[in-house]
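Thanks for coming. I will go through one structure today, starting with its charged side chains and ending with its sheet.

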Amino acid sequence: MGVHRLNHAVLFVRDVNRSVAFYRDVLGFRPIAMTPDGFKGAAFLQAPDSTNDHDLGLFEIGDGAGPSPAGRSTVGLYHLAWEVDTLDELERIAGKLAEAGALVGSSDHGTTKSLYGKDPDGLEFEVVWLIPADLLDSAAIEARKRIRPLDIAREKQRYGARTRGGVGISVTA
């Protein structure tokens, strides 16, 4: 099975309108008109700059739904990671997540610079910027063995605020 990338994710949510508002207003996803006729409680969204017909599907299961026990008492998905093009964009998203009270952490994984957020239902996701292949050095590769606090300002100074991330790693040059 030759996988090229994750095409879309589907999440069960308590309130589809609340979730659409979060993903639209905080992360910039656009609602796409593709819900089947007569089907209520579902929404499909496309990420900014995406070429997928949709990147996120949301299915409402109601306010009575409990939180996901995944990782605490059951197996399940921990998080999805979305990649952004620049450190400027990563910093902008950090601000939007913080403003929404949804930023729950950040970390420097050496070759990957990460933010962690939670949506209104407590489902965790990651937003990442990857060092492009031509800027990888032994220090960044060695740093993958430990997790450090993320200092976006320092990373922007080192790699450039508008340097396209992931080139030669997750996207072609």
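Arg-148 is partly exposed, because its relative accessible area is 29%; buried means under 20% relative accessible area, exposed over 50%, and partly exposed in between, with a 1.4 Å probe and protein chains only. This is a predicted model, where local features need pLDDT of at least 70 and side-chain atom pairs count only at pLDDT 80 or more, while totals for chains, interfaces and linings use all residues. Residues are numbered from 1 along each chain as its sequence is written, and side-chain values use heavy atoms, with hydrogens and water left out.

Which residue does Arg-148 form a salt bridge with? The partner is Asp-108, and the closest N and O atoms are 3.1 Å apart. By salt bridge I mean a side-chain nitrogen of Lys or Arg within 4 Å of a carboxyl oxygen of Asp or Glu. This pair links distant parts of the chain, 40 residues apart: Arg-148 sits in the loop between helix H3 (138–142) and H4, and Asp-108 in strand E6 (residues 103–108). Helices (H or I, at least four residues) and strands (E, at least two) are DSSP runs, numbered from the N terminus.

The structure holds 14 salt bridges. One of them joins Lys-156 and Glu-91, at 2.5 Å from N to O. Lys-156 belongs to helix H4 (residues 152–159) and Glu-91 to helix H2 (residues 87–99), so this pair ties together parts 65 residues apart in sequence. Glu-91 has 36% relative accessibility and therefore counts as partly exposed.

Another is Lys-145 with Glu-142, where the closest N and O atoms are 3.3 Å apart. Lys-145 is exposed, because its relative accessible area is 67%, and Glu-142 is partly exposed at 40%. Shared partners join the salt bridges of Asp-108, Lys-113, Arg-148, Arg-154 and Glu-155 into one network.

Back to E6, which holds Asp-108. E6 runs antiparallel to strand E7 (residues 112–118), and 5 bridges join the two; strands pair if DSSP finds at least two bridges between them. Gly-105 has Tyr-116 in E7 as its bridge partner. The two strands make a hairpin with 3 residues between them, and Gly-110 in the turn has a positive phi of about 85°.

Next, the open sheet. Its 4 strands come in the order E1-E4-E3-E2, with mixed pairing. Why is one side of E1 and of E2 left without a neighbour in the sheet? Strand E1 (9–13) and strand E2 (30–32) stand at the edges, and each has a single partner strand. Neighbouring strands are turned by 30° against each other on average, direction ignored. Axes here are lines fitted to C-alpha atoms, for helices over the stretch in contact, and angles run from 0 to 180 degrees between N-to-C directions.

E1 and strand E4 (residues 56–60) run parallel, joined by 5 bridges. Within that pairing, Phe-12 has Phe-59 in E4 as its bridge partner. Helix H1 (residues 16–25) lies across E1, E2, strand E3 (42–46) and E4, and runs at about 155° to E4; contact means heavy atoms within 4.5 Å.
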